[in-house]
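Biologist: Hi! Could you walk me through this chain in plain words?
Modeller: Happy to, let's look at it together.

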Amino acid sequence: MTSSDPGIVCFQHCGPKVFCIRLPERCPSCRRDLLEASFKLMPFRLPFPFIRASQYPGAVVLRPTTGDFLNEYYNSKDLHIGVTTSTGAIVEFDRGGLRRHTEKGSKSSWAQSLLVEQIPEAWIDHWDTVLLQTCKKPMWSSEEYKEDSNNCYTFVLTFLEALGYGELSKAAQNRTLFCEKYIVPRTTAAGKYISLYRKIRDHGLYIHAAQPSGISPNAPHGMEKPNTFGIGGKLCSIRE
């Protein structure tokens, strides 16, 4: 699993925007030498949407149940959610029961995660206290695990509701509301990056043609919405 930023670069020379990992010597549209060319849009690096969970204390984090986001995740697969402590330890609940552990090495399953939310430092002691109280509940044993009704999502929402932290805790009272407000925006933005990365990975670079009618003008850098990550029910399928 590759957890590091692939470094997608965007530039515009003679017409369409070009996305690539390595800047080509010549413009792929007009073949002019880019070392001597003037750019309509100077090359810049796209922000990488994923984080290493252990580097974000007091956070809610999300990853695919299996595999990584960049190369292996599709909308048909389930997601897995957990939280981090003040020291960056991962606390998660799955069919094996409740676990608390630290990340080790680049192959950690949490090395390529989405940051759902992170609390301010002033709340970190309260976060740890409420998390410990939540973890003591008997409902987080492997025997009590139920794929659809008592899973990782149940654990995180139970903790967040008890936390008493403004809108985050209020949204945690409703599974669908929390998903719509906190999960879907993160996965949708990440999905655009993933779709673009896979086009570049498979073809060397991606040239974005003129925007056709019907495409949202809010798509970043003129990207069309990818068909691999719709805002469908599966984005709320947090079951492991």
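**A chat about the fold**

Modeller: Among contacts in the chain (heavy atoms within 4.5 Å) between residues at least 6 apart in sequence, 68% join residues at least 24 apart.

Biologist: What kind of model is this, and how are residues numbered?
Modeller: It is a predicted model, where local features need pLDDT of at least 70 and side-chain atom pairs count only at pLDDT 80 or more, while totals for chains, interfaces and linings use all residues. Residues are numbered from 1 along each chain as its sequence is written, and side-chain values use heavy atoms, with hydrogens and water left out.

Biologist: How many helices and strands are there in the chain?
Modeller: The chain has five helices and nine strands. Both are DSSP runs numbered from the N terminus: helices are H or I with at least four residues, strands are E with at least two. From the N terminus on, the order is β-β-β-β-α-β-β-β-β-α-α-α-α-β.

Biologist: And how much of the chain is buried?
Modeller: Of its 240 residues, 45% count as buried. Buried means under 20% relative accessible area, exposed means over 50%, and partly exposed is in between, using a 1.4 Å probe and protein chains only.

Biologist: Let's do the sheet. What is the strand order in the open sheet of four strands?
Modeller: The order is β3-β1-β2-β9, with antiparallel pairing. Two strands pair if DSSP finds at least two bridges between them.

Biologist: Which strands stand at the edges?
Modeller: Those are β3 (41–45) and β9 (205–208); each has a single partner strand, so one side of each is left without a neighbour in the sheet. From one strand to the next, the twist averages 15 degrees.

Biologist: What about β2 and β9?
Modeller: Strand β2 (residues 17–20) pairs with β9 over four bridges, again antiparallel. Valine 18 stands opposite isoleucine 207 in β9, and the bridge partner of phenylalanine 19 is tyrosine 206. Helix α5 (residues 175–203) lies across β2 and β9, running at about 120 degrees to β9.

Biologist: Switching to helices: how do α2 and α3 meet?
Modeller: The axes of α2 (residues 124–135) and α3 (residues 152–163) come within 9 Å and cross at roughly 130 degrees. Axes are lines fitted to C-alpha atoms, for helices over the stretch in contact, and angles run from 0 to 180 degrees between N-to-C directions. The two helices are therefore oblique to each other; angles under 35 degrees count as roughly parallel, over 145 as roughly antiparallel, 65 to 115 as roughly perpendicular, and the rest as oblique. Residues making the contact include Trp127 and Leu131 of α2 and Phe155 and Phe159 of α3.

Biologist: Last topic: how many disulfides does a search of the whole structure find?
Modeller: It finds zero disulfides, a disulfide being a pair of cysteine sulfur atoms within 2.5 Å. For cysteine 10, the nearest cysteine sulfur is that of cysteine 20, 8.4 Å away.
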